[in-house]
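Hi,

Here is the structure I promised to pass on.

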Amino acid sequence: MMKRMIFSLFAVVWSLAAEASCSDVILPEMPVTVSAMTRKLDETLAQRKHLEEHKMQHVDSLRAVLASEGSSNRRYEVYREIIHEFTMLNVDSVMYYCDQAAFYALGRGDSVEAQSFVMQRASWYPTIGVVREAIDEFEAQVAAGVYPQNRVRMFEAGMQMYTLVAKFYPNSALSGGYEYKAQEYADSLLHALSPYEPAYALLEGIVAENGGNDVMAKAHYLGAIDDEVSSAVCKAQAALLLGQMLCDEDNEKEGLYYIAMSAYINALAGNLLNPALEHLGRRFYDQKKLGEAASYLNIALENAVQSASKVEAMRIAEMMPEVSNDYQAHARQKFLLLVVVSVALLLSLVVVVLGFARLQGQMKKMRVLKLQLHQSDAMKEAAISNFLGLCTLYMERLEDFARMVRRKISAGQTDSLYKQLKEEKLADRQDGLLSEVFDRAFTGMFPTFVEDVNALFLPDKRIVTTTPEELTTELRVLAFMRLGVEDTQKVARILGLSLNTVYTYRNKLRARALNRDTFEADVMAIGRID
């Protein structure tokens, strides 16, 4: 069972042919403590733009050679050097130059070189989330028959691709099968390489760890770090894997030292693909060192976005909100740094969101839903307030009526009282008051009700109101329909209409609708939160 191959950010960047001809960074003497190592790392990260520019200048010089070179063999070498430099800078550029090199080889009828570059391209697809296509393209080359000259390239590409694919499905049953395939290619690659190759000691450690021999794995990783033949990339990868092993064995202090060493070496080399930064940030976060965690994770996220490693960027972005919130709660004195982290996170999330349109739509829907919920709360509060106001008003009217009745009975004016009650003037006044209060309350809850209702009618059948807050009798019938009042007798009593009149209003309104069959359902949907 693999323990480490799927946990690191990227598989070993081999490109052996390119490594033999590419200049490597000269590493200084390593600090001996975690704090000294992180200080050196911070100093180097502060100069990362300059280091990246220096690396890009070398790439530009290679591009110039490529543009002027006529020899096919030399062009292949330059293509490999450019691809090798971009492996730690930009994933899109790696695949672009693999495409260019394969196209050039096919144009010359060189199927051997074309196959080599196609397999290398396939091994990088999973870093941008293209998994199925990567497997199909790689397996198609294997099925068609791998040229003897490309056997090592096949082992390299297979190991890297299946390692990244397994990491893409960390909690799936598929992961184990892909890990096994990656391990098979790693074993084959180890047997195919010479012990003098720059990545040999590192590969020995990976194979030993996959086989469960942790003691030998740590020895090989230390050997790769100390070996003068190992490249900076191999030393950084060995330090990261060793650091993770030590941390898993609860040797947190020494493990953190080697993880910081890995991040430092990659930073010195100007590499954007620097997985140790993420792991270092996560370890500091677990130790509640929120300032350091936020700083390293923020830089790791910026690097992932700049290097076009979409899967990595999404993974780091998922953790950043939690880190930012804890940092704000426990480190208020570092408010300025929090602002920088938050702004960088926002900008990075914008890039991620643009690449994941579906996520953008979901977030937009959530914002709309939140606004609608706020509006719903406000409408509930308004409805309760209007109800209490109406109750108070009716209590006052009832008290006035009781005083009037007592006064007339005391004065012996029973005939006048009977006549006044018989004429129902009081009921008319109360019905008018009820309509006024109802209109004001309902239009407060549904401010666009009139416009929404008219949108359901034919253009020449729409309802015209005198004022926005005053409803017509037709609109009041529809308002009770929207409120879900199904008792027609109750509606007729409240509105002071006969039962037949209410039915007549409903039928006439339905006849004016654009869609008569769904008219009542359309009215019920007005102002609804979906």
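Predicted model: local features only at pLDDT ≥ 70, side-chain atom pairs only at ≥ 80, totals over all residues.

Residues are numbered from 1 along each chain as its sequence is written, and side-chain values use heavy atoms, with hydrogens and water left out.

**Overall**

The chain has 25 helices and zero strands (DSSP runs numbered from the N terminus: H or I of at least four residues for helices, E of at least two for strands). Of its 530 residues, 47% are buried (under 20% relative accessible area with a 1.4 Å probe, protein chains only; exposed is over 50%, partly exposed in between). Take the contacts (heavy atoms within 4.5 Å) between residues at least 6 apart in sequence: 66% of them join residues at least 24 apart.

**Helix pairs**

Back to helix α11 (residues 214-226): its axis and that of α12 are 8 Å apart, at an angle of about 145°. Axes here are lines fitted to C-alpha atoms, for helices over the stretch in contact, with angles from 0 to 180 degrees between N-to-C directions. On the α11 side the residues involved include Y221 and L222, and they meet a set in α12 that includes L241 and L242.

Helix α13 (residues 252-268) and helix α14 (residues 275-286) also cross at roughly 145°, their axes coming within 8 Å. That crossing is left-handed. Among the residues making the contact are L256 and I259 of α13, plus L280 and F284 of α14.

**Cores**

The largest nonpolar core has 107 residues, and L41, F138 and Y221 touch the most other members. Such a core is a set of buried Ala, Val, Leu, Ile, Met, Phe, Trp, Tyr and Cys residues joined through side-chain atoms within 4.5 Å. Helix α12 (residues 232-248) contributes the most to it, with 12 residues. Apart from it there is another core, of 26 residues, with F442 and V523 among them.

**Aromatics**

There are 13 aromatic pairs, counting rings of Phe, Tyr and Trp (its six-membered ring) with centres within 6.5 Å; planes under 30 degrees apart are stacked, over 60 edge-to-face and the rest tilted. One of them is Y76 with F117, a tilted pair at 6.4 Å centre to centre and 35° between the planes. Y76 sits in helix α4 (residues 72-86) and F117 in helix α6 (residues 111-124), 41 residues apart. Both are buried, and Y76, Y79, Y104 and F117 form one aromatic cluster.

F138 turns up again here: with Y185 it makes an edge-to-face pair, 5.8 Å centre to centre and 80° between the planes. F138 is in helix α7 (residues 132-144) and Y185 in helix α9 (residues 174-192), so the pair ties together parts 47 residues apart in sequence. Both F138 and Y185 are buried.

Two charges sit over rings (NZ of Lys or CZ of Arg within 6 Å of the ring centre and within 35 degrees of the ring normal). R75 lies over the face of Y104, 4.6 Å from the ring centre, and the charged end of R512 is over the ring of F457, 5.2 Å from its centre.

Cheers

Technical notes: Left-handed = near helix turned anticlockwise from the far one by under 90°.
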